[in-house]
Amino acid sequence: MRTRRTSTAAMKAKGHYPSDRETLQDSVELIFGLDPDKMKEIAAKMRARFIHVAIAGAIGSIIFYYLLLNHHI
């Protein structure tokens with residue numbers, strides 16, 4: 001007995017599965033909520049934190065390489 005498998009793309013086209021865009025929107029809403037202003041605020045905070053971490057990493061790397069080149073480690 002042979003069974004026929006239907007691809008996920010065909011199932012999405014028929015409406016049995018959510019589209020990739022709907023899935024992404026659901027994930028974003030689950031993580032950040034529905035309020036666009038709150039999402040912008042959270043994104044701004046995350047950007048600031050990433051910049052701070054990048055600066056701290058650059059300073060730490062400079063110090064590490066200085067100590068490494070001068071045989072202190």
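What pattern does the protein chain follow when read along the sequence? The pattern is α-α-α, given by three helices and zero strands.

Averaged over the protein chain, pLDDT is 79, and 68% of the residues score at least 70. Among the elements, helix 1, covering residues 8–14, has the lowest mean pLDDT, at 62. Helix 3 has the highest, with a mean of 92. Where pLDDT is low, predicted coordinates should not be read in detail.

Helix 3 runs through residues 36–69, 34 residues in total. From its first C-alpha to its last it reaches 49 Å, which is close to the 50 Å expected at 1.5 Å a residue. Just after helix 3, His-71 adopts a positive phi of about 60°.

Side chains of opposite charge can pair when their charged atoms come close. The count of salt bridges here is one. Its partners are Glu-41 and Lys-45, whose closest N and O atoms are 3.5 Å apart, inside the 4 Å cut-off for such a pair. Both residues belong to helix 3 and sit four residues apart, about one turn of the helix. An α-helix has 3.6 residues a turn, so residues three or four places apart point the same way.

The totals for the whole protein chain complete the picture. Of its 73 residues, 0% count as buried, a label that requires under 20% relative accessible area. The accessible surface of the protein chain comes to about 7,100 Å². Carbon and sulfur atoms account for 62% of that surface.

Definitions and conventions: Residues are numbered from 1 along each chain as its sequence is written. This is a predicted model: local features need pLDDT of at least 70, side-chain atom pairs count only at pLDDT 80 or more; totals for chains, interfaces and linings use all residues. Side-chain values use heavy atoms; hydrogens and water are left out. Helices (H or I, at least four residues) and strands (E, at least two) are DSSP runs, numbered from the N terminus. The expected span of a helix is 1.5 Å times one less than its number of residues. A salt bridge is a side-chain nitrogen of Lys or Arg within 4 Å of a carboxyl oxygen of Asp or Glu. Buried means under 20% relative accessible area, exposed over 50%, partly exposed in between (1.4 Å probe, protein chains only). Accessible areas come from the Shrake-Rupley method with a 1.4 Å probe; for residues, only the protein chains shown count as cover. pLDDT is the predictor's confidence in each residue, from 0 to 100.
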